There are 2 protein chains.
Amino acid sequence: MAYELYYWPEIQGRGEFVRLTLEEAGEKYTDVARKPGKDGGVPAMMTLLDGTKVKHPPFAPPFLKSGKLLIGQTANILLYLGERHGLAPATEAGRLWTHQLQLTIADLVVEVHDTHHPIASSLYYDDQRPEAKRRAADFVISRMPKYLNYFEGVLERSGGKYLLGRRLTYADLSLFQIVEGLRYAFPKATARLEKKTPRLVDLHGAVAGRPRLKAYLASERRIPFNEMGIFRHYPELEK
Amino acid sequence: MAYELYYWPEIQGRGEFVRLTLEEAGEKYTDVARKPGKDGGVPAMMTLLDGTKVKHPPFAPPFLKSGKLLIGQTANILLYLGERHGLAPATEAGRLWTHQLQLTIADLVVEVHDTHHPIASSLYYDDQRPEAKRRAADFVISRMPKYLNYFEGVLERSGGKYLLGRRLTYADLSLFQIVEGLRYAFPKATARLEKKTPRLVDLHGAVAGRPRLKAYLASERRIPFNEMGIFRHYPELEK
């Protein structure tokens with residue numbers, strides 16, 4: 001049975017980490033909120049999100065329907081998919097390490113989001129622009145190098161081109177997306193940092209070149225970056 | 001073999017979620033950075049955090065040593081401990097749901113932290129006080145009710161006093177800590193909200209009354225709340 005992915009239809013956002021894993025796994029899925037018609041669109045998503053009849057209600061998108069299971073939280077969805085589709089190691093130690101890396105990526109994603117929304121998600125960017133400038137400055141100078149150097153160090157120790165060595169995991173797909181997103185949002189800072197993180201650049205290239213991913217990235221299923229998502233390009237935030 | 005927990009010695013912080021689970025499980029553990037002597041203290045923690053010889057380096061505390069395993073990321077540590085010590089269901093669906101709830105709690109913890117540090121963790125609170133006031137106002141008015149009402153709704157559906165029903169999981173211990181922390185940080189707003197979330201109040205009481213937890217909370221192992229941790233009481237942030 002095909003998976004059903006529920007996420008906001010106009011952005012990559014956190015849903016993209018799930019999409020990349022489903023695409024690399026070669027699994028069929030319906031991107032429900034992007035589907036036209038009566039059983040698609042945002043209303044179809046809200047039914048499950050707000051639905052008092054749902055046994056295990058998710059707090060927020062993305063969430064994934066797999067048979068009777070309704071799974072929320074990006075890293076949790078990937079934990080599930082990774083084991084099912086060979087995108088995580090079989091050993092307990094390997095599974096925990098992969099998930100640990102994914103949760104560290106999730107922390108980074110929050111920090112990226114908060115560069116443009118440091119005060120409240122419910123407010124517009126324009127209503128928190130001075131604060132965003134301060135937060136983004138710290139992100140670019142301090143946090144972004146800390147994270148990227150950390151992942152470079154993990155790659156250095158892995159003994160292969162991927163985070164766990166020679167075998168691809170869902171965490172690699174997510175790290176690819178981080179590089180993509182940072183290049184879009186903070187092109188100058190990312191270019192500077194990439195000179196010191198060659199393994200991260202290689203990982204990005206290796207993932208982008210995988211046949212299924214390559215086809216996906218060139219397709220209409222891949223939503224372009226924009227200023228509604230997590231990774232936004234506001235030139236004034238990168239000075 | 002006893003566990004070794006690595007976390008900052010002077011705060012509850014994220015380490016507390018791990019401590020609560022170890023205490024409820026009745027497991028022996030060394031709180032390494034709080035241990036005096038040559039093999040204790042913060043230096044013993046930093047050795048593993050920065051250590052280039054560590055195979056799976058954590059990005060940040062807390063992390064847990066269990067035999068040869070070194071496990072980072074709070075929710076990941078709890079995933080591991082929950083399965084080992086009967087604090088998570090045996091079924092895949094149950095394990096995923098418990099972890100999903102824990103990750104939602106983790107999101108809330110980030111938002112609590114950012115009420116006093118909306119610009120940069122590296123800056124003092126006093127250097128981001130105006131921004132903290134704005135962010136905390138949104139948190140108290142909008143985010144905190146959203147999260148607490150969500151968990152109340154989960155409890156309503158669970159068929160028992162705990163999140164998954166009649167059986168305690170590590171997510172309940174974490175949710176207990178959320179209530180404790182919010183009562184300390186935002187006493188007025190929490191008191192108001194608790195009138196509408198009776199099940200959450202009951203869960204807090206049920207956890208606090210468990211014999212092992214009760215003994216722990218009365219012991220010196222429980223660090224008091226203070227203005228260095230995640231939950232801080234700054235009266236000006238709760239108007």
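Analyst: A salt bridge here is a side-chain nitrogen of Lys or Arg within 4 Å of a carboxyl oxygen of Asp or Glu. By that rule B:Lys35 forms a salt bridge with B:Asp39, with 3.1 Å between the closest N and O atoms. This is a predicted model, in which local features need pLDDT of at least 70 and side-chain atom pairs count only at pLDDT 80 or more, while totals for chains, interfaces and linings use all residues. Residues are numbered from 1 along each chain as its sequence is written, chains are lettered from A and ligands numbered from 1 in the order in which they are written, and side-chain values use heavy atoms, with hydrogens and water left out.

User: Is B:Lys35 buried, exposed or partly exposed?

Analyst: B:Lys35 counts as partly exposed, at 31% relative accessibility. Buried means under 20% relative accessible area, exposed means over 50%, and partly exposed lies in between (1.4 Å probe, protein chains only).

User: What surrounds A:Arg222?

Analyst: Leaving aside residues up to four places away in sequence, A:Arg222 touches A:Gln12, A:Glu16, A:Leu20, A:Gln177, A:Glu180, A:Tyr216 and A:Leu217; contact means heavy atoms within 4.5 Å. A:Arg222 is buried, with a relative accessible area of 10%. A:Arg222 and A:Ile11 are 211 residues apart in sequence, and their C-alpha atoms are 9.4 Å apart in space.

User: How many residues of helix H6 of chain A are buried?

Analyst: H6(A) is mostly covered, with 13 of its 16 residues buried. Helix H6 of chain A (residues 170-185) reaches 23 Å from first C-alpha to last, close to the 22 Å expected; the expected span is 1.5 Å times one less than the number of residues.

User: Where does helix H5 of chain A bend?

Analyst: Helix H5 (residues 129-158) of chain A bends by about 45° at A:Phe139. The bend at a residue is the angle between axes fitted to the seven residues ending there and the seven starting there. Just after H5(A), A:Gly159 takes a positive phi of about 80°.

User: What touches A:Thr115?

Analyst: A:Phe139 is among the residues touching A:Thr115, as are A:Ala132, A:Arg135, A:Ala136, A:Phe186 and A:Leu237, not counting residues up to four places away in sequence. A:Thr115 is in helix H4 of chain A and counts as buried, at 2% relative accessibility. A polar atom of its side chain lies 2.5 Å from the backbone oxygen of A:Val112.

User: Turning to the interface, how much area do chain A and chain B bury between them?

Analyst: They bury about 4100 Å², 58% of it on carbon and sulfur atoms. Buried area is the accessible area (1.4 Å probe) that two parts lose on being put together, summed over both. A:Phe59, A:Arg134 and A:Arg157 supply 19% of the area that chain A buries against chain B, more than any other three residues. In terms of contacts, 46 residues of chain A meet 46 residues of chain B.

User: How many salt bridges cross that interface?

Analyst: The rule finds four across the interface of chain A and chain B. The side chains of B:Glu131 and A:Arg134 meet in a salt bridge, at 2.7 Å from N to O. The largest share of the side of chain A that touches chain B, eleven residues, comes from H4(A).

Terms used
Helices (H or I, at least four residues) and strands (E, at least two) are DSSP runs, numbered from the N terminus. A polar contact is a pair of N or O atoms within 3.5 Å; within protein, one must be able to donate a hydrogen and the other to accept it, and residues adjacent in sequence count only if both atoms are side-chain atoms.
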